[in-house]
Amino acid sequence: MAYPFRSIENKWQSFWANNHTFSPNFPSTKPKYYVLDMFPYPSGAGLHVGHPLGYIASDVVARFKRHKGFNVLHPQGYDSFGLPAEQYAIQTGQHPAKTTETNINRYREQLDRIGFSFDWSREFRTSDPSYYRWTQWIFMQLFNACYDTKADQAKPIDELIDHLSQHGSQNLDADCDENTPSLTADEWNALSNDEQQTHLLHYRMTYLAESEVNWCPQLGTVLANDEVVNGVSERGGYAVERKKMTQWMMRISSYADRLLKGLDGIDWPEPLKEMQRNWIGRSVGATVRFQVSNYDAKIEVFTTRPDTLFGVTFMTLAPEHALVNMITTDEQRDMVNRYVEQSANRSERDRMSDVKNITGVFTGAYAIHPLSGDKVPIWIGDYVLAGYGTGAVMAVPCGDQRDFEFAKHYDIPITNIFADVDIADSAHVEKGETRIANSDFLNGLTVAEATQTAIDYLEKIGLGKAKIQYRLRDAVFSRQRYWGEPIPIYFKNGIPHLIPEHSLPLTLPQVEKYLPTETGDPPLGNATEWAWHVADEKVVSVDLIDNKEVFPLELNTMPGWAGSSWYFNRYMDPKNQNEFVRKDKLDYWGMVDLYIGGSEHATGHLLYSRFWQKVLFDLGYAPVDEYAQKLVNQGMILGESAFIYRKTGTQTYFSAGLIQDQNVEPIHVDVAYVDANNVVAHNELHNWRPEFGEATFELEDGQLIAKREIEKMSKSKYNVVNPDDICDQYGADTLRMYELFLGPIEQAKPWNTAGISGVHGFLNKFWRLFHDNEQFSVSDEPPSSEMLKSLHATIEKVTHDIDQFSLNTAVSAFMICVNELTAAKCNHRAILESLTVLLAPFAPHICEELWEKLGHTPSLSNEPYPIADPVHLKETQITYPISFNGKMRFTLDLDAEAAKEEVEQAALADERTAQYLDGKTILKVIVVPNKIVNIVCG
């Protein structure tokens, strides 16, 4: 008897939606539990079976916590600003909002089919003006804040202005740009308003600055470092170059130390924490200044090894370093210019990760060593990045392997400053008890002693000082695209000003084209209505800009991570139009208790969102400075791709078994055309894609056989499995349980549709426990002790597994239990009611149906979760292995309460004992209660 999953799932999904079953109460006396998924970007391809895994896991926990008496917040929405919709708009002219709406409707349809217990009444999209009005408001708070280094927190910019007006820069503990001029109070007060506003940009938490950025000409926008992979854009694979542009920046570097320390107080995966630690990159060392020979310029470097100063034999500048053009000699200029141009076409990640290739060019200039006075040649090399540290490094070939290989490659002298160490073949990178040599006043000191002595001396002569440095740089916040949040700024005399807060949201204007303008401005430059009338406080025609009351608005939009950096707070109060979240709701819901999403966001969303949360906390808008207590990274569900082989330069395709040594290339084919035996329906390929139109196939025994490989599930690899197809054939409950059954949630695992029938069979078997010949039949008779033992062992196991997030083993426990109850012919209400509630978080549709059939009022979502009774877990019998001289010969089932003497007597009295003694004398009987009996004889 197969259970009717289609009608059951439709019925209960409608019931949950109509009755708002999963909307939490506020206020509530219940303890709260906040479960959150990283909300999806709605792509045109819809969901494949790999996407719902994290949602299924979080849904199990959300449902479990409701059963445990918690007031559960489990919302969902859409991260709906993004490049794909904009690229589609460029290609077709269709407004991104329309594309996004279509995609969201498709996502919602698919999500609903899987039966998630989301509170859809809290749904929002980051592209809704009612939402991004508050993203713009948060930008305003950042613009009107600076970082107090003494208090170690953000403060209102007004406090900084008060200090400048009374004391100038004296005793000013505020993080600022390195080139910030120092002012007296009189000098500050003498500045015009425009001059004061320009000066304040050196301190604001969000500010305008010229910086090196990743510019993608094909996409027409700047990309963050995490959006560039192997030198090309993550989206589309387009070439990326380095370019200087004036951009909005976020002063995340002010929070570097707090972002590091905050990791210690949250339960996030250690590999992800380590990724953030490395990205932030805390280093302890010293800054050292080298005078450039024959120029009024100094090169400042940061080093973690000031003990190695006397080992410096050359310096390397980033190709983009501001001094390169000035100090390069005429003889070297052509070579330097070519190298700089080549470097501009490589991404920072490429340059950092390329440890095999050694490249560089001598500038022809020299620096003066601050301690020895020797001339040190200045090179440029693209392994040095302008944005990291000072964009310059002092090279110590004897103590750094990369410097060693660079020096060997270009025949630069190497000075050995380590006593009794051979550096003929490689640099000496170990510190240990190494002592310093050939280093004047540092000779004979250990590394630690020399480090401090060198710093003290540098500070004494004014050419360096101790410093803690971070690799984390301020985040580029501008994007030269249309489909993003408008930045609420207008420019008066070139100075940025905020539009009034009550004028928010500043909504996207209509444009005819989504490409940059002919003059190179971002797409918003195409808008005819995109100027700010100060007096009327509204957007007006750009033709009015010459009017003294009308000023140009910012043409850049915010990056994709802006809306996702605070959305977890908005879910607490999504309909509030008066404030970003009401304080009592923030205080009640507090932190996200369980956050689930991919580790690929480690140095993007998960870092920026922690930064914004800390700013909101500092300014008094958030009650906690970390927003997610526990984070789980779900692993990928991998696809099983199918390949055939094409002879290079032809339209001839081969079976996998025929390729031999021929010059062929693998070609993906859609798994929809490949059966369980890897046979490809090759005749259908002619109509699948144009390149197969004229294809000929060399067959293997009359068949085209594909080769299978496990890869990332992706539309481009034609290995996608649609969850709708699984729901149609097996039901949503089967899909939910099978995805969990595949393996530990954190690990990658391959999808195999053939394996799903086992889980579907389990649910059918569970259904049959309640039915006799298709009629509902449940007994009120007391269950047997074995039935109770099976149930309570399962309760104990599943409860433990959910707490430990071992959901795959929980599914296994259910299967064992149902098998045992089936064997026991159990249809007892006392067992099945508890088992139904127990299984409900995993397979909610079938359990809701059975709960109603058991005579209860739906929904069972808040029914108390069963508790394992130790009485039923207690073993009544122990199986003892009976050994003779250490060799086990047979087993004996005895009462678990039997005393040691009773166990011995029972073992000796068994007729098999006499058989194995075979006339030998019993020398000793060893009884280990509840474990073994060993009879020693001879």
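The legends below describe close-up views of a predicted model.

In this predicted model, local features need pLDDT of at least 70 and side-chain atom pairs count only at pLDDT 80 or more, while totals for chains, interfaces and linings use all residues. Residues are numbered from 1 along each chain as its sequence is written, and side-chain values use heavy atoms, with hydrogens and water left out.

**View 1. Packing of helix α2 on helix α21.** Helix α2 (residues 53-67) and helix α21 (residues 732-741) pack with their axes 10 Å apart and at an angle of about 105 degrees, where axes are lines fitted to C-alpha atoms over the stretch in contact and angles run from 0 to 180 degrees between N-to-C directions; helices (H or I, at least four residues) and strands (E, at least two) are DSSP runs, numbered from the N terminus. Helix α2 is therefore roughly perpendicular to α21, a term that covers angles of 65 to 115 degrees. On the α2 side the contact (heavy atoms within 4.5 Å) is made by Leu53, Ile56, Ala57, Asp59, Val60 and Arg63, and on the α21 side by Leu735, Arg736, Glu739 and Leu740.

View 2. Not counting residues up to four places away in sequence, Leu83 touches Leu219, Leu223, Arg235 and Arg481. The C-alpha atoms of Leu83 and Tyr514 are separated by 11 Å, although these residues are 431 places apart along the chain.

**View 3. The buried residues of helix α8.** In helix α8 (residues 193-200) the buried residues are Gln196, Gln197, His199 and Leu200. These residues lie on the same side of α8, because they cover an arc of only 160 degrees around the axis, the arc being that of the directions from the helix axis to the C-beta atoms. Among the elements that cover them are α6 (157-167), α7 (185-190) and β19 (495-498).

**View 4. The hairpin of strands β10 and β11.** Strands β10 (residues 282-292) and β11 (residues 298-303) run antiparallel and are joined by six bridges, where pairing requires that DSSP finds at least two bridges between two strands. Phe290 has Ile299 of β11 as its bridge partner. Five residues lie between the strands of this hairpin, in which Asn294 takes a positive phi near 70 degrees.

Definitions and conventions. Parallel < 35°, antiparallel > 145°, perpendicular 65-115°, else oblique. Buried < 20%, exposed > 50% of the residue type's maximum accessible area, 1.4 Å probe, protein only.
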